[in-house]
Amino acid sequence: MPGNTFGQLFRITTAGESHGPGNVVIVDGVPPGISISVDDLQVDLDRRKPGQSKIVTQRKESDRPEILSGVFEGKTTGTSIAILIRNEDQRSRDYSGIKDLYRPGHADYSFDAKYGFRDYRGGGRSSARETTARVAAGVIAKKLIQEEFGGEVIAYVSQVGDIQAQLDDIANLSLDQVEKCADGSANIVRCPDPTAAEQMIALIDECRKAGDSIGGAATIVAKGVPAGLGEPVFDKIKADFAKALFSLPAVLGVEYGIGFGCVNMRGSQHNDLFTTSDDDGSNKIVTKSNRHGGMLGGITTGMPIVLRAAVKPTSSLPIEQETVTRDGSPATIQTKGRHDPCLLPRFIPMAEAMIAIVLADHWLRWKAQKRGTSVD
């Protein structure tokens with residue numbers, strides 16, 4: 001089945017299904033000498049895993065990664081890295097009653113239309129369970145960009161339903177602000193605006209109790225990214241970011257910078273004016289505002305990269321919905337199993353991983369083509 005590989009020089013290939021033995025990723029192009037351990041991988045896998053709180057699916061998975069190759073004595077060797085995350089808490093019986101029914105909002109019909117056969121247990125290959133492998137690969141990408149140019153990727157839940165976070169300075173957002181509340185407890189919705197976070201949790205819980213779900217949006221910020229990454233025309237870095245985010249389950253929209261806010265602006269309002277910054281003594285070229293989201297012509301400008309992804313409500317619902325069988329007969333369906341009433345809290349590390357993978361790939365591509373120059 002094609003379409004399982006992403007990236008050029010930093011390249012990942014994944015395999016696995018929701019109810020199979022496990023999910024695996026092979027990561028190629030990682031330079032030697034980067035420190036990687038199971039504990040490093042576990043941090044982001046724990047942020048993604050089910051069962052974290054009352055507002056996510058209660059499926060219980062330890063998501064303990066196994067590094068099968070490419071790491072020796074805690075360092076990458078430069079060869080292919082293989083990582084396996086085993087499935088432990090599948091309940092395939094929950095899906096036996098719907099094997100001949102098409103779940104609204106799912107890829108059941110489209111997989112049947114393409115292959116004439118599908119794994120109906122939890123969505124098979126179309127399940128978000130596959131993203132465990134990407135999150136593991138993303139940890140390696142985060143390590144690479146941090147060591148190479150001080151890059152950092154942080155995402156947060158910026159909207160659930162009609163509740164929007166209000167943040168004054170996302171360019172200086174820290175991971176602790178996303179992951180922890182002011183009292184040090186876990187921020188289970190991963191929204192750094194305390195007032196909005198409380199309202200989001202209440203809305204998600206309300207939907208959960210009603211047997212329904214709710215959508216929202218995530219904002220992703222990449223900091224410390226140098227100017228000059230990306231390629232003209234077809235390999236613009238903004239295009240690769242969009243593909244990376246759209247490849248994640250449930251993403252229905254992607255924008256960067258001011259995004260769709262540009263449609264009612266004049267050029268004089270939209271343009272970010274160039275100036276210089278002498279904060280570090282480098283007289284660095286910057287812009288006074290960042291409506292361009294850190295990219296011009298598909299190439300990074302050195303300003304923070306800001307993207308936003310719209311994530312649909314969870315499609316699997318316990319309430320009765322109309323559908324059809326595989327032969328087109330009318331039917332009704334209620335989806336059993338354990339599902340997130342809102343996908344956003346667990347989506348955050350997935351989004352970070354894909355953006356970090358794109359940055360790692362374009363950094364290596366830039367290094368491969370540079371001639372005696374350096375990126376600021």
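1. R291 and D272 form a salt bridge, with their closest N and O atoms 3.7 Å apart; the term stands for a side-chain nitrogen of Lys or Arg within 4 Å of a carboxyl oxygen of Asp or Glu. The pair links distant parts of the chain, 19 residues apart: R291 is in the loop between β13 (284-287) and β14 (295-296), and D272 is in the loop between α7 (267-270) and β12 (274-277). Helices (H or I, at least four residues) and strands (E, at least two) are DSSP runs, numbered from the N terminus. R291 is partly exposed at a relative accessible area of 25%, whereas D272 counts as buried at 11%. Here buried means under 20% relative accessible area, exposed over 50%, and partly exposed in between (1.4 Å probe, protein chains only).

2. The model is predicted: local features need pLDDT of at least 70, side-chain atom pairs count only at pLDDT 80 or more, and totals for chains, interfaces and linings use all residues. Residues are numbered from 1 along each chain as its sequence is written, and side-chain values use heavy atoms, with hydrogens and water left out.

3. The structure holds 27 salt bridges. One of them joins the side chains of R47 and E352 at 2.7 Å, N to O. R47 lies in helix α1 (residues 38-48) and E352 in helix α8 (residues 344-369), so this pair ties together parts that are 305 residues apart in sequence. Both residues, R47 and E352, are buried.

4. D205 and R208 also form a salt bridge, their closest N and O atoms being 2.6 Å apart. The two are 3 residues apart in helix α5 (residues 194-209), which means that about one helical turn separates them. D205 is buried, at 10% relative accessibility, while R208 is partly exposed, at 37%.

5. Which residues of α1 are buried? They are L41, Q42, D44, L45, R47 and R48. Among the elements that cover them are β4 (65-69), β7 (81-86), α3 (131-149), α4 (175-179) and α8, where contact means heavy atoms within 4.5 Å.

6. R125, in the loop between α2 (108-115) and α3, is buried but has no salt bridge. Its nearest side chain of opposite charge, E130, is 4.5 Å away; Lys and Arg count as positive and Asp and Glu as negative, with His and the chain ends not counted. A polar atom of the R125 side chain lies 3.1 Å from the backbone oxygen of G16.

How values were computed:
A polar contact is a pair of N or O atoms within 3.5 Å; within protein, one must be able to donate a hydrogen and the other to accept it, and residues adjacent in sequence count only if both atoms are side-chain atoms.
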